[in-house]
Amino acid sequence: MNALIAIVDHTPIAVWAVLAVLVLVGMRQMRTRTLSGGRVWLVPLVAGAASLAGALRGFAGAGELLTGACWALGAVLGFAANRSLGLPRRVVANADGSFTIGGSIAPLAVLVGIFLVRYATNVALAVQPALSNDPVAAALVAIAYGSTAGLLVARSRKIWSTRAARPAAAVA
């Protein structure tokens, strides 16, 4: 228990600020809102780039090709997982090119999941620096990072796919 307290105590304030921002972004997505076409892709692109960079930077010793390939595998798995999850469930393509998206807790869960994977990875690397050269650790973390990015991209793709359907009056 003392080790856990020490880890939390030594975590920089900026890390908790990032968590707070992610929670706020996720909580905003719990309400029905209207987004422009470009904003639909903002979170997946930023989160995807950050997750790939984190995997490559943290596990450079295990090999960039292995880490990148496992991240891509995770992204494919996350993308495929959204077929059964069907997120978001309520989307309307508006006549002006924007989208009305029903609120959901799912984006909050994914964003906090990304944070937890990154936090746990950074703690593990700080405690055991040799893990940065371990191909198994690199593969597992890269798959986890990639899967969250894949979920977010699949969500945005589903939103954009509603453009093919006729715009409805409102989200139920």
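Visitor: How do the residues of the lining of the second largest pocket divide by class?
Guide: The model is predicted, so local features need pLDDT of at least 70 and side-chain atom pairs pLDDT 80 or more, while totals for chains, interfaces and linings use all residues. Residues are numbered from 1 along each chain, and side-chain values use heavy atoms, without hydrogens and water. A pocket is an open set of points on a 1 Å grid over the protein atoms alone, with protein on both sides within 12 Å along at least five of seven lines, and lining residues have an atom within 4 Å of a point. Counting Ala, Val, Leu, Ile, Met, Phe, Trp, Tyr, Cys and Pro as nonpolar, Asp, Glu, Lys and Arg as charged, and the others, Gly among them, as polar, the lining divides into 10 nonpolar, 3 polar and 4 charged residues.

Visitor: Which element gives the largest share of the lining of the second largest pocket?
Guide: The second largest pocket holds about 300 Å³ of space, a volume being the space filled by probe spheres set on grid points joined across faces, edges and corners. Of its 17 lining residues, Gln29, Arg33, Leu35, Arg39 and Val43 are the closest to the centre. Helices (DSSP H or I, at least four residues) and strands (E, at least two) are numbered from the N terminus. The largest share of this lining, 4 residues, comes from α6.

Visitor: Which element gives the most to the lining of the largest pocket?
Guide: The largest pocket has about 590 Å³ of space. Val18, Leu22, Ile114, Phe115 and Arg118 are the closest to its centre among 25 lining residues. By class, this lining has 20 nonpolar, 4 polar and 1 charged residues. With 9 residues, the element that gives the most is α5.

Visitor: Is Thr121 buried or exposed?
Guide: Thr121 lies in helix α5. Leaving aside residues up to four places away in sequence, it is in contact (heavy atoms within 4.5 Å) with Phe59, Val141 and Tyr145. Buried means under 20% relative accessible area, exposed over 50% and partly exposed in between, with a 1.4 Å probe and protein chains only. At a relative accessible area of 7%, Thr121 is buried.

Visitor: What is the volume of the largest cavity?
Guide: A cavity is a set of points where a 1.4 Å probe fits but cannot get out, and a search of the whole structure finds 1 cavity of 30 Å³ or more. Residues including Asn82, Leu87 and Arg155 line the largest cavity. Its volume is about 50 Å³.
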